[in-house]
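Please view the structure below before reading on.

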Protein chains: 2
Amino acid sequence: MIYIIIQTKVKKMELSRKVSNCKSCIYRSWAFKNLSAEELKIINAKKVEKFYRKGENISTEGDEILSFMYLQNGLVKLYKTEINTKEHILSIAKPQDFIGLLSIFSNTKHIYSTTAIEDSIVCFVDLEIIKKFIKTNGTFAIDFFEKISTVSDSVIKTRIDINTRQLRGRIAYILLFFSKHIYSSIRFNLPISRKEVAELIDMSTENVIRVLSEFRKDNLIQIEGKNIVILDIKRLEKIYALG
Amino acid sequence: MIYIIIQTKVKKMELSRKVSNCKSCIYRSWAFKNLSAEELKIINAKKVEKFYRKGENISTEGDEILSFMYLQNGLVKLYKTEINTKEHILSIAKPQDFIGLLSIFSNTKHIYSTTAIEDSIVCFVDLEIIKKFIKTNGTFAIDFFEKISTVSDSVIKTRIDINTRQLRGRIAYILLFFSKHIYSSIRFNLPISRKEVAELIDMSTENVIRVLSEFRKDNLIQIEGKNIVILDIKRLEKIYALG
DNA sequence: TATCATTAATGATATATATCATAATATATA
DNA sequence: TATATATTATGATATATATCATTAATGATA
């Protein structure tokens, strides 16, 4: 029992160590490409990298906003807890994505929470440093602004795409989303539970399961627990397009 | 017949002339407060102000993005035309609001359309000039970024607020929105049709009318065509809070 | 391994909401 | 002013979706 816990910690530290020199990562990354070697050094010195096991909370609504969070590896969900303890997932960040929404630049506290849905490595860059570079490095400012301004808008587009469709269209969306956008494969392991799928596309858990079964019976997909294979992507795309 | 058209044009020009010197407006406005007198002069020289009559289209999906649009006066809706010619309204801009979403900084073409829902005056500032000032004026850059980054995020928050509620909660939302946020009065003239309300809060036109009638019968509001008076704001807020 | 808790799976039922139909107003247009 | 068109209004009906109930399967924990 204790042995397992220790082993987990060791694994955590090993992973953390493995990525601790992130020069290559940040340097290549689109968001920081206009920083000088000197500026990158400052960010490197102050940045913190953390490993999160699947299911671990990264940030919580109400927390002070101190960092720009950047996903090195894994998958992270951004969600809001409703009054009735229900959760509403806004988006799923994939590697190389900035985690969160733009309002980290105008708010002082997080209004959404983030949790790892797969083992993840998150890079925390001091927000004040980024603001400082926005002020002092014009080329970085404009490029960073252009890159970062897509984040919130793509969440809006997705919300509309989902809410203008009904159940079958929404399930088609989520299958295509993981297949094309996240895993680039027609065969993948759904990283979230049916309940979380429901929270992501605004429907009841039972109906998520029901429509998935329907798609299976209809030979659109193959399901074995979390493992999903898309059998007829053309027809799935048609279902999505029709709503 | 012809007479009326000419009269309209005259009124348009008069209004346009009246506001042509916008030094006071832009100068006081929160978005441009960190620009120097010199920089403001450049913006003033290049900016274009246009008057739009209620119902007139301002920009359309697919149009090239050339300007940062800023609402001087009136009300403007931001919407998307769905495949089935249905329209989906994202937000309503009020005076002093930036019209549009942040992706104007990353996209080359508009993905949403804008139309005046009340007689409006829109100020078009060349986007390249703003980008130039972001590059060259650090204080402006950071402040502008902080201010502007709220726009898209507040649309997201509103979308969630609406979609997690059912019909009565949504109608309560829209009544409180116009009363508190737009007109600061419990008595106001609804600037949009019931159909547009439906497009804004994701429900059918018939049900918008039905729930409004229900609220009237329940002595929550008073309706005479577009004219609405909120009689019991406390109870309306409770309906909104409960969903 | 046994026990418990969570997740997945379906069927039956209830409910919310959309759609259809029709009429009365109001608004725009000739 | 008359006529057409769009908006508002309400009832009846259909439909989509959620909720409730139950069981099976899976995973976690002792």
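In this predicted model, helix H8 (residues 194-201) of chain A is largely enclosed by the rest of the structure, because seven of its eight residues are buried. Chain A also forms an interface with chain B, burying about 3,000 Å².

**Helix H8 of chain A**

- The buried residues of H8(A) are A:Arg194, A:Glu196, A:Val197, A:Ala198, A:Glu199, A:Leu200 and A:Ile201.
- Three strands and helices of chain A that these buried residues pack against are among the following: strand E4 (76-81), strand E5 (87-93) and helix H6 (150-163).
- The buried residues of H8(A) also pack against helix H7 (167-183), helix H9 (205-217) and strand E10 (221-224) of chain A.

**Interface of chain B and chain A**

- In chain B, 33 residues are in contact with 33 residues of chain A.
- Carbon and sulfur atoms give 72% of the area buried between the two chains.
- Two salt bridges are found across the interface.
- One salt bridge joins B:Lys131 to A:Glu146, with the closest N and O atoms 3.3 Å apart.

**The side of chain B that touches chain A**

- Strand E5 (87-93), helix H4 (127-136), helix H5 (138-148) and helix H6 (150-163) of chain B each supply at least two residues of this side.
- By class, this side of chain B has 16 nonpolar, 10 polar and seven charged residues.

Note on methods
Residues are numbered from 1 along each chain as its sequence is written. Chains are lettered from A and ligands numbered from 1 in the order in which they are written. This is a predicted model: local features need pLDDT of at least 70, side-chain atom pairs count only at pLDDT 80 or more; totals for chains, interfaces and linings use all residues. Side-chain values use heavy atoms; hydrogens and water are left out. Contact means heavy atoms within 4.5 Å. Buried area is the accessible area (1.4 Å probe) that two parts lose on being put together, summed over both. A salt bridge is a side-chain nitrogen of Lys or Arg within 4 Å of a carboxyl oxygen of Asp or Glu. Helices (H or I, at least four residues) and strands (E, at least two) are DSSP runs, numbered from the N terminus. Ala, Val, Leu, Ile, Met, Phe, Trp, Tyr, Cys and Pro count as nonpolar, Asp, Glu, Lys and Arg as charged, and the others, Gly among them, as polar. Buried means under 20% relative accessible area, exposed over 50%, partly exposed in between (1.4 Å probe, protein chains only).
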